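Visitor: I am new to this structure and would like to know what stands behind the words used for it. Please show it to me before we start.

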Amino acid sequence: MALPDLQRVAESLGLESARRHIFLCAEANEPKCASCAEGVRSWDYLKGRLKELKLAGPGGTVLRTKANCLKVCVRGPIAVVYPDGTWYHSCTPEVLERIIQEHLMGGRIVTEYVFAQRSADCVRAREGQ
Ligand code: FES
C-alpha cells in the first residue's frame with residue numbers, strides 16, 4: 001500500500017487512471033529540434049488543452065511530461081506517446097490538437113506526422129503472445 005503522501009500525489013496526477021503518456025521536447029538550453037519559443041508554445045498548448053479537456057489530473061486518462069531532449073533533434077518539436085511507442089514530428093499546437101483528439105482521446109494514430117512506430121511484433125512479444 002502506498003504511503004499517504006505518495007497516494008495523494010498519485011491521485012492528483014491520475015497515475016492509476018492514465019492510459020497514455022505523452023512526452024514533448026521543450027528543450028530550453030540550446031534547443032535543436034525547434035526554437036525555444038516554438039517548444040514553449042507547444043508545451044503551454046498541450047498542458048492547457050489536457051487540463052481544459054480534463055484529460056490530465058485526478059481521474060484523467062493522459063499523463064504529460066516536458067522533456068529536455070528526446071535525442072531526435074530535427075523537425076521538432078518532437079513528441080512520443082506511450083505505451084504505443086508512436087513518435088511524432090512537427091508538434092505545433094495545431095498538430096498537437098490532432099494528436100490529442102485523434103490519438104490520446106480516439107486511439108487513432110495521426111499517421112501523417114509519425115516518423116517512427118514501435119512494431120506490432122514488439123507489442124505482441126511484450127504482451128507474451
Ligand atoms: S532538442 Fe528536441 S529532441 Fe533533441
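What follows is a set of questions on terms and the values behind them.

Guide: This is a predicted model, in which local features need pLDDT of at least 70 and side-chain atom pairs count only at pLDDT 80 or more, while totals for chains, interfaces and linings use all residues. Residues are numbered from 1 along each chain as its sequence is written.

Visitor: How many helices and strands does the chain have, and what pattern do they follow?

Guide: There are four helices and five strands. Along the sequence they read α-β-α-β-β-β-α-β-α. Both kinds are DSSP runs, numbered from the N terminus: a helix is H or I over at least four residues, a strand is E over at least two.

Visitor: What makes the radius of gyration agree with a compact globule?

Guide: The radius is taken over C-alpha atoms, and the globule rule is 2.2 Å times the number of residues to the power 0.38. For 129 residues the rule gives a value near 14 Å, and the chain has 15 Å, so the two agree. The C-alpha trace spans about 45 × 35 × 25 Å along its principal axes.

Visitor: Why is Gly57 called partly exposed?

Guide: A residue is buried if 20 or more other C-beta atoms, placed from the backbone, lie within 10 Å of its own, exposed if 12 or fewer, and partly exposed in between. Gly57 has 15 such atoms within 10 Å, so it is partly exposed. Gly57 sits in the loop between α2 and β2.

Visitor: Which residues is Gly57 in contact with, leaving aside its neighbours within four places in sequence?

Guide: They are Ser12, Gly14 and Lys51. Two residues are in contact if their C-beta atoms, placed from the backbone, lie within 7 Å. Across the chain, 61% of the contacts between residues at least 6 apart in sequence join residues at least 24 apart.

Visitor: Why do Arg75 and Ser90 count as partly exposed?

Guide: Arg75 has 14 C-beta neighbours inside 10 Å, so it counts as partly exposed. Ser90 has 19 and therefore also counts as partly exposed. Of the 129 residues of the chain, 26% count as buried.

Visitor: What is the phi of Arg75, and what is that of Ser90?

Guide: Phi of Arg75 is near 50 degrees, a positive value in a residue other than glycine. Ser90, likewise not a glycine, has a positive phi near 55 degrees. Arg75 belongs to the loop between β2 and β3, and Ser90 to the loop between β4 and α3.

Visitor: Where does helix α3 bend?

Guide: Helix α3, residues 93–105, bends by about 30 degrees at Ile99. The bend at a residue is the angle between axes fitted to the seven residues ending there and the seven starting there.

Visitor: Which residues of α3 are buried, and what do they pack against?

Guide: The buried ones are Leu96, Ile99, Ile100, His103 and Leu104. An α-helix has 3.6 residues a turn, so residues three or four places apart point the same way. The buried residues of α3 pack against β1 (20–25), α2 (36–52), β2 (62–67), β3 (79–82) and β4 (86–88). Just after α3, Gly107 has a positive phi of about 75 degrees.
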